[in-house]
Amino acid sequence: MEKCYLMTAVVLLGLTVRWTVSLNSYSGAGKPPMFGDYEAQRHWQEITINLPIKQWYFNGSDNNLQYWGLDYPPLTAYHSLLCAYVAKFINPDWIALHTSRGYESQAHKLFMRATVLIADLLIYIPAVVLYCCCLKEISTKKKIANALCILLYPGLILIDYGHFQNIYNSVSLGFALWGVLGVSYDWDLLGSLAFCLAINYKQMELYHSLPFFCFLLGKCFKKGLKGKGFVLLIKLACTVVASFILCWLPFFTEREQTLQVLRRLFPVDRGLFEDKVANIWCTFSVFLKIRDILPHHIQIMISFCFTFLSLLPACVKLTLHPTPKGFKFTLVSCALSFFLFSFQVHEKSILLVSLPVCLVLREVPFMSTWFLLVSTFSMLPLLLKDELLMPSVVTVMAFFIACATSFSIFEKTSEEELQLKSFSISVRKYFPCFTFLPRIIQHLFLISVITMVLLTLMTVTLDPPQKLPDLFSVLVCFVSCLNFLFFLVYFNIIIMWDSKNGRNQKKVN
Amino acid sequence: MAAVGVATGGGNWFSALALGVTLLKCLLIPTYHSTDFEVHRNWLAITHSLPISQWYYEATSEWTLDYPPFFAWFEYALSHVAKYFDQEMLNVRNLNYSSSRTLLFQRFSVIFTDTLFVYAVHECCKCIDGKKAGKELTEKPKFILSVLLLWNFGLLIVDHIHFQYNGFLSGLMLLSIARLFQKRHMEGAFLFAVLLHFKHIYLYVAPAYGVYLLRSYCFTANKPDGSIRWNSFSFLRLISLGLIVFLVSALSLGPFLALNQLPQVFSRLFPFKRGLCHAYWAPNFWALYSALDKMLSIIGLELKLLDPSKIPKASMTSGLVQQFQHTVLPSVTPLATLICTLIAILPSIFCLWFKPQGPRGFLRCLILCALSSFMFGWHVHEKAILLAVLPMSLLSVGKAGDASMFLILTTTGHYSLFPLLFTAPELPIKILLMLLFTIYSISSLKTLFRKEKPLFNWMETFYLLGLGPLEVFCEFVFPFTSWKLKYPFIPLLLTSVYCAVGITYAWFKLYVSVLTDPPVGKTKKQ
């Protein structure tokens, strides 16, 4: 562990970058009457500390749900309450009921940014460091390089520290990462506990829930459902139920409370998508306005079917062959399916896909780096709105340089390195001349990067035509969506052809 | 194939380090900037909108032009780019003007001119052969040296937060040192002469250059025992050196000589009217001296040995740059500091003359000159410590002894820069960056010299660890105590006195090691 100091340096560098980004503007700065996500977070602190727990999720004279009402699970609310106590200690004006609406000051910004940094430092960063230290079969230097790349991932930094999302992504993603760590290293109960916390912090973590479920179920099957497997299953079920009950305890007193919270968490009466999201529905509605044509319940049905179908193969595969590697890839493909096809997706939800992609950086460095670049690009309109152009460009470049240097990604584009060997072999049985795949992928990468750079430049410099004010943001969504579809196919191919590869390796061994 | 990989890998890491730090600098753009920002904006305006004859007379702003002519020309060149960003910043009467475009331009001008620094570091890494330790990249002296220079904490916060152009000036100095190491003496001399006309603070290290070039370049051979061989003197070399220095000076000062303005230029360059210490005491000998004086006067007042009515009111830490009378100890005049500085520099110069040890010996002498003048100079800024820290980095990867002195000097010197950034948003940045640099420098040098005796003895370890509690007290405890209103200067006083101890110690230790080192001839025999 003599390289410990390098890991410390990496963490410190990550923290420095985070803090410097946080000096920039945040969403809704000085924009009354609604302000932005920053105000939402502050408002929740105001609500949670001043109102009794029973009124948190209910509309009332003191709690106008139209003005940034609480719409995240209880753990978020508890976290807000905790922050509110600190805020009250420093300056009660920040969270005074009613009068503090739209409160903005330099000191308050500093406080809010500090809460993010502390949450990140306590939950997300230790998980990343531990994850990288636990990686097997690579040198210490590579582990540190891996940690550097994950910590420098620009999407998460920009959303949490620049935009200031009304929910701390680093907390929910950090808990999910603890869950992945626990489950991968056979601490199943702790892992599922951590993941339950993640879901109870942010309901979007449900994107990750199916792989968790399938992986654990697969493990139980493997141990034999009549013996040890059954015991494990019971234990897991108890852990999950217990942790949920613990989190929801104050809301179980009345049936109406629980239902109201659930209604707030899953607002099905909202549309198929909001704003501009790089998913199928938003892209498709450029050509056909689905939102207006189809009735509401049909929209829900369609999106449900598509999501279900797209993630079915990977999940079935994982249940039958539960391996940690397959688990990580399934996390990627499931989250991506949810992002592309499910109902009411936000552009920031791409971070839920990015986290598992960060975890497979080592296995498929080239593709992961590419994906992470696209994912940051897909949030461009949002970042521009918050005047975060400069930090975005800088952090993206830093991330790219870090990945390119530590993994030398451009030398890793052979079939083997892309994990497409077994796929190409099986295709070659029918088309013997199928050898051009790596080259195609390299060209696609170039095209995609050039398009992203050009679109960014155009968005920044040109004014859109008057008839189409959203031209550039729609184009950004369209391009990102195409990329994401390609990645969905790619990751599914890896998952489906994985076991053959594994068997080959065993033979070699 | 493997060789190709190593070769590309070898080049890649340097550009990755340089690009990485450049991106970090870009992230620092929105941070706090000091009045130096306005100083340089004003100089842009002066050089852009006024004829040369008025550059050193213009006094609309209190920040008059007080750097040598080359720097003025440098600002003149910058101003022709600046006009495309924002014409308004080039107006002399637009005092304290600041727009987002001005900010961007000024910050980017620093980042961009740092390219010279990066190039200089690249050259230095080529000619410094440190201790050969591990095969791994992160254990190579060149890698460590480039991190220590490129990611230097002091440069980052002074240039890219506080705002100054030290990076590009230090680049010139490092480049000239590298040229001397590469035996390209004329180039080295030329670069240094140019540097002198950019910023005259480098006069402090000029003796080292002068003596080294005279001794090791103008005399072409030594006797076997290392002493001087008088008949090997080359007049041609001396004349060419003199010509270079003369031409550079003529180019810089000539126009002002022609305008008959030299006295005015010099009165701007050497403002002896300022006080002994800067607003915040630089951690040098005079800080210790003044602290002792203050302590004695307090003791004197307590014991009723002093008459309170006779004590001058001007407190040294009141924040104004002004003349100051010591209470108990004799007051210090500019002449006294000059003599002290000269006395402190002399032994190292003698050493360079009588025990020439090639470029390494020159480098040590240069560092000693920089440190001695920092210790005893008149109105020294705390930022001047960078003058010693950067060249010292070159030494640190060579020998374990040098490494330990470097670490003490750098850590305390960098910590003494903390009061430069006093705003809350920058607090985490300075702490994080300081930790980053300190942890990296200490651990990497420890790894490099792990087979030799430990770098620090218990006393040094204790002293360095003490910086942590000091920071906690100054920034986190003190503001909440009742002393804050009564004695607002205590954190600054503590910081500068504590750091002065460390820097004096490092200076002393370096001096002892230079004076006691055997000359080259003997080491070769061993």
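Visitor: Which residues form a nonpolar patch on the surface of chain A in this predicted model?

Guide: A:Leu446, A:Ile450, A:Val453, A:Leu454, A:Leu457, A:Met458 and A:Leu462 form that patch, and together they have about 620 Å² of accessible area. One of these residues, A:Leu457, sits in helix α21, which covers residues 437-461 of chain A.

Visitor: Is A:Leu457 buried, partly exposed or exposed?

Guide: Exposed requires over 50% relative accessible area, and buried requires under 20%. A:Leu457 has 48% relative accessibility, so A:Leu457 counts as partly exposed.

Visitor: How do I read the size of an interface?

Guide: Interface size is often given as the accessible area lost when the parts come together. Here chain B and chain A bury about 2500 Å² between them, and 81% of that area is on carbon and sulfur atoms. On the side of chain B, the residues losing the most area to chain A are B:Leu23, B:Leu27 and B:Leu432, together 25% of what that side buries.

Visitor: How many residues are in contact, and how many salt bridges cross between chain B and chain A?

Guide: Contact involves 32 residues of chain B and 27 residues of chain A.

Visitor: What does the domain assignment give for chain B?

Guide: Domain 1 is 24-269, and domain 2 is 285-331 + 379-516. Their C-alpha centres lie 26 Å apart. Between them, domain 1 and domain 2 of chain B bury about 3200 Å², with 81% of it on carbon and sulfur atoms. In contact are 35 residues of domain 1 and 35 residues of domain 2.

Visitor: How many salt bridges cross the interface of domain 1 and domain 2 of chain B?

Guide: The rule finds two. Elsewhere on the topic of salt bridges, B:Glu139 forms one with B:Arg450, with 3.1 Å between the closest N and O atoms.

How values were computed: Residues numbered from 1 in each chain as written. Chains lettered and ligands numbered in written order. Predicted model: local features only at pLDDT ≥ 70, side-chain atom pairs only at ≥ 80, totals over all residues. Heavy atoms only, no water. Patch = residues over 30% accessible without salt bridge, like charges linked within 9 Å, V, L, I, M, F, W, Y side chains within 5 Å. Areas by Shrake-Rupley, 256 points an atom, 1.4 Å probe, with all protein chains shown as cover. Salt bridge = Lys/Arg side-chain N within 4 Å of Asp/Glu carboxyl O. Helix = DSSP H or I, 4+ residues; strand = E, 2+ residues; numbered from the N terminus. Buried < 20%, exposed > 50% of the residue type's maximum accessible area, 1.4 Å probe, protein only. Domains from an automatic or database assignment. Contact = heavy atoms within 4.5 Å. Buried area = accessible area lost by both parts, 1.4 Å probe.
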